[in-house]
Amino acid sequence: MAYIGGQDKPTDADAGPGCPFCRIPALSDEDGLVVARGETAYVVMNLYPYNSGHVLVCPYRHVADYTDLTDAEVAEVAALTRTAMRVLRAVSGPHGFNLGMNQGDVAGAGIAAHLHQHVVPRWGGDSNFLPIVGRSRALPELLGDTRARLAAAWPGAGTGGTGADVDAKG
Ligand SMILES: [Zn+2]
């Protein structure tokens with residue numbers, strides 16, 4: 001599942017199994033690296049993170065353009081982005097964030113056909129960070145472990161709401 005890079009890049013016609021952001025919600029949180037699930041959108045670890053804790057907020061719907069989102073989707077993508085920032089601050093204490101969406105191939109979107117908002121935590125000493133279209137780099141921490149920590153810290157985790165079924169491994 002390469003989110004970034006030319007191979008297997010879905011087109012507008014590839015909603016469903018051909019699109020990783022359509023496929024992920026059907027997986028378990030662990031297998032899909034899902035951090036939290038909302039009504040219209042969800043939060044997932046980026047398989048090719050630019051920094052530790054890099055998550056993506058995606059609508060469930062296969063929509064490419066921000067202007068095509070419904071009011072409910074706009075509101076929930078924003079709310080999940082805000083919560084992701086709070087959770088990341090609580091878990092890993094970043095000094096800042098890069099937030100944003102790349103709209104279209106020309107803007108550097110890896111999966112241009114399915115909108116996704118990047119939430120990238122930043123630390124004062126982290127490596128050079130050229131625009132969010134940059135390439136990924138190796139990370140010391142396993143994505144699955146990071147997912148579990150973020151999911152456990154997500155509001156509602158373990159209460160039967162969003163983020164339930166977190167089995168506190170580690
Ligand atoms: Zn999709």
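1. For comparison, ideal angles for four tetrahedral donors are 109.5 degrees. Please keep in mind as you read on that this is a predicted model.

2. Which residues hold the metal? The zinc ion is coordinated by Cys19 and Cys22 through their SG atoms and by His62 and His114 through ND1, at 2.0 to 2.3 Å. Along the sequence, these donor residues follow the spacing C-x2-C-x39-H-x51-H. Cys22 sits in helix H1 (residues 20–23), while His114 belongs to the loop between strand S4 (96–100) and strand S5 (117–122), so this pair ties together parts that are 92 residues apart in sequence. His114 is buried, with a relative accessibility of 0%.

3. Next, have a look at the charged side chains. Side chains of opposite charge can pair when their charged atoms come close. How many salt bridges are there? The count comes to three, and the next points take them in turn.

4. Arg37 forms a salt bridge with Asp29, and the closest N and O atoms are 2.6 Å apart. Are these two residues buried or partly exposed? Arg37 is partly exposed, at 25% relative accessible area, whereas Asp29 is buried at 7%.

5. Arg147 and Glu30 also meet through their side chains in a salt bridge, at 3.6 Å from N to O. This pair links distant parts of the chain: Arg147 lies in helix H4 (residues 143–153) and Glu30 in helix H2, 117 residues apart.

6. Arg61 and Glu73 make another salt bridge, with 2.6 Å between N and O. Arg61 is in the loop between strand S3 (55–59) and helix H3 (71–92), and Glu73 is in helix H3, so the pair ties together parts that are twelve residues apart in sequence. Arg61 is partly exposed, with a relative accessible area of 38%; Glu73 is buried, at 5% relative accessibility.

7. Most residues other than glycine have a negative phi. Leu33 is not a glycine, yet its phi is positive, at about 60 degrees. You will find Leu33 in the loop between helix H2 (29–32) and strand S1 (34–37). Leu33 is buried, since its relative accessible area is 11% and the cut-off for buried is under 20%.

Technical notes. Residues are numbered from 1 along each chain as its sequence is written. This is a predicted model: local features need pLDDT of at least 70, side-chain atom pairs count only at pLDDT 80 or more; totals for chains, interfaces and linings use all residues. Side-chain values use heavy atoms; hydrogens and water are left out. Helices (H or I, at least four residues) and strands (E, at least two) are DSSP runs, numbered from the N terminus. Buried means under 20% relative accessible area, exposed over 50%, partly exposed in between (1.4 Å probe, protein chains only). A salt bridge is a side-chain nitrogen of Lys or Arg within 4 Å of a carboxyl oxygen of Asp or Glu. Donors are N, O and S atoms within 2.8 Å of the metal (3.2 Å for Na, K and Ca); water is not among the atoms, so sites may look incomplete.
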